[in-house]
Each structure stands twice: as C-alpha cells, then as structure tokens.
Amino acid sequence: MKALISFLLATLPLAAAAGPLPLVFRCAPNNDLYRVLSAGGQRYPRYASAAEAVNKAPRGAGVLILADDYPEGLTPLSAEVFEQAARKKLRLYVEYPSELPGLAVGAPRTVEWERAVVASDAFAPALEKLRILGIHKVRFLPVAQPEADIVMARVAGFDKAVYGLPAKDVHPILFRVPGRDVMAASTKLSQFVTARYAPLEAWGPVWKRVLAWLCPGRTIPELRWTPSVRPSYSAKDALPADVEMAAFRRGSAVYANARLLVHPSWKRLVDERGNANDSVGEAPKPEWPVGDGSEGVLEGFSSAILPDGSQPIRWTLRNDCVGEASFPMALWSMLDKRADAGRIAANLNDYIYVHSGLAKGTRADPKSPSFGLVGWSYPTSVGVYYGDDNARSMLGTIGTAGVLKSDRWDEPLLRCLLANLRTTGKLGFRDNRIDEAPLQKNGWRHYFNSERISYAPHYQAHLWATFLWAYHKTGYKPFLDRTKNAIRMTMEAYPNQWRWTNGMQQERARMLLPLAWLVRVEDTPEHRGWLRRMAQEMLAFQDASGAIREELGPPGKGAYGPARSNEDYGKHEATLVQQNGDPVSDMLYTTNFAFLALHEAHRATGESLYGDAAEKLAKFLCRIQVRSERRPELDGWWFRAFEFKRWEYWASNADAGWGAWSTETGWTQAWITAVLGMRHAKTSLWEVSAGSRIRRHLDRQLPEMFPPE
C-alpha cells in the first residue's frame, strides 16, 4: 500500500480531457500504464481475465489486455476472446500473448544486446524512424510479422540506428495483427515506469499512438509520470545550501544500503558468482547482513536493467575499488564523527594488504618479481597488474591513512610504490598491463630497463601522481626523474600522438592530477603552463550545466571507440558517444577524475580557472545523483552516463562490461563522494596526507626491492 501511495503522489496529474477514454483493462491494479492513466482522477473498468474484459466491454471500446505474470508467464488468450472482440467491434491491445490469430508465436527470448528501434512513421514527428528506445533486459516473443512500428535488433548508435536495421534477427515488438483490430506487443511495454524504459520523453508518444488507435477520434491526454529512478534535481532547481554535504552523506551510505560490503555469512558467493557469467549475478538481498569492510566491497552494479527495475551486481573484489572506497568512508568518519565509517575504512585497507590474497603468494615473496604488487581483482584476476589500478588503490589508502592519522599501511604502501617503480621503464612509462606469468619469466629488471613509450594517460597518469607523492614524502629521486621525463614527453606528444581509450576527454582528465601534483613538487612557470593548457583543453567542452561533454580523439588512435557496425555493438569496451557532439557526460572515465584533479589543482595553485570549473562540476554532480524511493539500493549512486540536454541517464550502451547505467564502488562513487567531502573540509588529498611518515621504511626496503645485480 505504501508503494502505491508513493507512486500516486509522485505521479503528476494528466492534462484535462473531455471525459474518460472508452477503455477497459485486463491487468493487475499496480500496472504502470493503468496507474498513470488513473492518476488523473479518471476511473477505468478493470477485470482479472481477458475473457471477462472483452465480455464486459461496451461495443466499440478499446480493451487493453496487459501482462500480469511477466516475465515468467505469458498472457493467456484464446481464439474465442479474439472472435468475441471482433463481433463487438472492439479494438484490442494485447502484450506478451500466449497466441495471436494467424501468427506463429515463438518461445520467449531474453534481450542480450538488442535494442528497441522505431521502424515506421507511426510516431512521427515526435519519434522519427530508426530512433532508438531503451527497454533493457526484457523477454520477448519472436513473431513472424514483417511490418511493425517498433522492432528489437542489435543496432549501433546514440539516439539513432546509424547503420540502419540489420538484414536478419529483427524482431517485431509493437505491431498490428493482419486482418484484425488487434495491436500486439511481444513483450510487456506497460511496465515502462517500473522497468525504467528510456528516454523518458520517448514513451509518451509511444503510448499516445497506442491509445489513439484504441480510441479513434478522441483527444488523448498527455501522459506524465515521475521516473522510478531519476536525478536528484532538475537542471534549473534551486539547490539547498547544504546540497554538497547531503550528497556526500548519501554517496557514502550506498555501500551499506546496497549491501555491497561483503559479510562473512555470504562471502562464499563471491567465489561462486565471481567465477561465472562475467562475474555478473543477482544483487545481494535487502535482508542480508552488511559487512564491515573486513571482507572487502563488491565492484558495483552492472548496466543491465531487469524488468523489476533492479540491476545485477559485479561480484568481483577489485583492489582499486576497495582502496578507493575506503577514502570517502574515512572522510565520513571525520566529518560526521562516525566511528563505524572509520572502522570500515581501516578494514578495507587491511583486507587489501593483510587478509586477502591480493597481496599474498608471489606478491609477498621478496625473491619474486611481483613482490610488493597487488593483484587486480579476486577471484579471477589476482595475477594481473594494471599500474593505474594499483595507483588508484594506493591513492585511496594514502587519503584514508591521512584522515585516520594511521601509519599501519605505510610499509606495504611503500613496497607497492617501489614495486610499480621497478616495473616502470627508463623513460617513465609502464606497460599498461603486466601479467604474472611473463613477469616471472622476464623478471622485473626487464621492465625497469626497457625504453617503452606509452602516450596513454588513462594507464599512466595516476601512477605518475603516486610517484610524485612518493618522491615528496621520501626524497627518492627515481620517483621524480622518471615521472618528469614521461610527463614532458607526453605533453610534447599532445594531442596527435596520444592513444585514447574510450575518449579523448578521459585522457585529459587523467593527465590533470599528476600535473597538479607536479606543481606541488616543482612550482615552475612551465609546469603551471602544462596544467593550465590541459585544463583549458578539457574545459572547452564544459557545458553551462557543469557537465563535461565526451569527445572522441584523433582517428586511428582509439582503443575503444564507438561501434563500427551493428555487429560490433557490445563486443568490447566502448565510449558512450557514437560521434562528437552527442551531449553525454561520463562519470566512470572522465568527470569523476576531472573533479578530483580540478579540486587538487585549485588547492595547489589558488587559480580561479580550476576552482570555478570544480564549483560548476560539483553542482552538476549533486543534481544528477540518483534519487529513488522504489529502488533504495540505487539511491545515492552516480551512473556512468548522463545525457545533459534531456537531463536523464542515457547514452550508447555499447560497452561490453561497463555500460551507461553501471556504477563503480571505486572509480566513480569513491572519488565524487570524496571530493565533495574534501570541499566541505576545505582540504585536499595532498594536504590530508601531508603528515605521512612513510620515509622511515625506505632505507630498509630499497635494498630489498632493488638488490645489487
């Protein structure tokens, strides 16, 4: 009952119409379409079966036979229902039907990479042909019907199927049954609020078309509803004075609210689900106990949206996410005097360096080339070492140690810094990824003495930032010398020689942090100039709303660009845009790291260029933070994608693993939340870690990490 009241209060009233539409429903009382139509005060007859609805409907009415048992069961229909409807001159809209007159209905299928596409001019001009609609992870019935208004197909594009419809595997979703006054949907379209169909402005025209066909000659009111998962504020709402601190608290609470802090009673599921289905599985249930950080934190929500509006979880325990997530928890403990948050922050770092296997095995053996490194993720990739992931985990640990005023992780932290340094080449560049087997075969000196060059800030820049911090705290010159050389070469190579990963903006955003900290270490006009140039290049694409628009880099230099064909969609990691100009902001790869770096740059230089941009970005992020009463596990998160012209969560969902509606406990959530906390505390990551005494371990560790030849 509470859910129904909440829905009705949140649903805006329909525009006034000249009386109720001549409609009869077969559906459950909580059906989204029925509730949206009824929220305007109109009353519509509703029956429990298709036969009763058709029998009771007045002659010439429109009858909607909606799916109740979806996705488990089909909507039961019979030939007699269709015949009686024809005799009474009824128009029928049926969805997920057990049968259709004259058409073969196949067994249900689940959408994998297919998307809904407008296939006719029925919705014009509101929705043009080839417009893409998001109906997510639905089940649908294959039907041999060549003409349809909406189809399901694997297509590439942001808003439009840019390569057209494929030649095969195109399935009708909304269509007319030939020779009958029957419109059919091969899935449950009437679940558009609960299942979060998108974009929001596209579904009013869809239903207006269906209702206009059911009620010819009648004026169809505009349908309005509040999305079940939505931004916290509109682009124009006046923001409360405490909006940043409120967003910080909500952002910090998500780890427990979503049950992503692993509890000992169900940690066995990490091995079961983390080893299957690309580590994606059912999310923890609301009744499960919440961990205290001692067993780590799960990676985040997958981008898939299920029919009930929920999202599955990535069941991996990633070193980077665990270390990064500790920092906002430490700040929460400081800002709100929450001892529980402080314990979680400490436990997360203990998990990395003491309790888990991420730092054990060969990584704990002084004779091993991987000594001191930390594995990428458990349970599937412990023997994988990304420098940027090691770096961001260390940045989280550095911040947590500073806030908690603890030196308990100094020794393994310095060892990890040195381990990454000794696998970094002479010129200051490291292989993007190093695996255990070749590392054991080649030895660390193979990498340390190499002359590798990698103009890819995505992989290099955050490691450079940690090296600059390590030099400042220890005075060990190789940290500085190799890093300065690599930064100089990278700035001289910009932009034409840069390799971009999912877009050029993320490369600029990543580059900002080491440039800001280089100013901390050596405040020279040249270093300030590099920082200013890179910030201006990125901020040229900052929208008035504060959003930073994504941009593709030079052709031929991208690792994961937009899909090159319909068949290519969903086969690899990918950018959120299909082409430059698509108005989307990326909270996984760009905006999150830009927010951190602009904040650090402003604290380092005092220049308004960085402070003003960070201020705009902070307000934007507070506005787009997820708000949801119906899906409380999603409340307080930031999704990867936000389309800032429509002001909703939308983009090309082509990325094979981390799509538009994914979240990340580390990369995204941790840094956005932490920066909001640091802004409130008027401090920075560099400043909170100023008291580190990590230097005292250097003299003992250097001979161990760099033994004589």
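Where is the place of Gly561: in which loop, between which helix and which strand? Keep that in mind while reading these notes; the model is a predicted one.

1. **Gly561 in its loop.** Gly561 sits in the loop that runs between helix 17 (525-539) and strand 20 (584-586). Its relative accessibility is 9%, and because buried means under 20%, Gly561 counts as buried. If you look for what surrounds Gly561, leave aside its neighbours within four places in sequence: the contacts are then Trp500, Thr501, His572, Glu573, Ala574 and Thr575.

2. Next, find the open sheet whose 9 strands follow the order 2-1-3-4-11-10-9-6-7, with mixed pairing. Strand 2 (46-47) and strand 7 (132-133) are its edge strands, each pairing on one side only.

3. **Strand 1 and its partners.** Strand 1 (residues 23-26) runs parallel to strand 3 (residues 62-65), and 4 bridges join them. Within this pairing, Phe25 has Leu64 as its bridge partner, while Arg26 stands opposite Ile65. Strand 1 also pairs with strand 2 in the parallel sense, here over 2 bridges, and Arg26 stands opposite Tyr47 in strand 2. To get from strand 1 to strand 2, the chain passes through helix 2 (residues 32-38), making a right-handed β-α-β crossover.

4. **Which way the side chains point.** In a regular strand, side chains alternate between the two faces of the sheet. Strand 1 lets you see this for yourself: Leu23 and Phe25 point one way, Val24 and Arg26 point the other way, and all are buried.

5. **A helix across the sheet.** Helix 5 (residues 200-214) lies across several strands, including strand 1, strand 3 and strand 4 (91-95). Helix 5 runs at about 140° to strand 4.

6. **Helix 11.** This helix covers residues 410-421, and its 12 residues reach 16 Å from the first C-alpha to the last, close to the 16 Å expected at 1.5 Å a residue. Helix 11 is largely enclosed by the rest of the structure, because 11 of its 12 residues are buried. Among the buried ones are Asp410, Arg415 and Asn420, along with Leu413, Leu414, Leu417 and Leu418. The buried residues pack against helix 9 (339-355), helix 10 (387-404), helix 13 (444-448), helix 14, helix 15 (477-493) and helix 22 (698-705).

7. **Helix 14.** One of those packing partners of helix 11 is helix 14, which covers residues 457-474. How far apart are the end C-alpha atoms of helix 14? They are 24 Å apart, which agrees with the 26 Å that its 18 residues should span at 1.5 Å a residue. Helix 14 is mostly covered, with 16 of its 18 residues buried. After helix 14 comes Gly475, whose phi is positive, near 75°.

8. Finally, look for an open sheet of 3 strands in the order 13-15-14, with antiparallel pairing. Its edge strands are strand 13 (280-281) and strand 14 (300-301), each pairing on one side only. Strand 14 and strand 15 (residues 313-314) run antiparallel and are joined by 2 bridges. Here the bridge partner of Gly300 is Arg314 in strand 15.

Key
Residues are numbered from 1 along each chain as its sequence is written. This is a predicted model: local features need pLDDT of at least 70, side-chain atom pairs count only at pLDDT 80 or more; totals for chains, interfaces and linings use all residues. Side-chain values use heavy atoms; hydrogens and water are left out. Two strands pair if DSSP finds at least two bridges between them. Contact means heavy atoms within 4.5 Å. Axes are lines fitted to C-alpha atoms, for helices over the stretch in contact, and angles run from 0 to 180 degrees between N-to-C directions. The expected span of a helix is 1.5 Å times one less than its number of residues. Buried means under 20% relative accessible area, exposed over 50%, partly exposed in between (1.4 Å probe, protein chains only). A crossover is right-handed if, with the strands pointing away from the viewer, the path from the first strand over the helix to the second runs clockwise.
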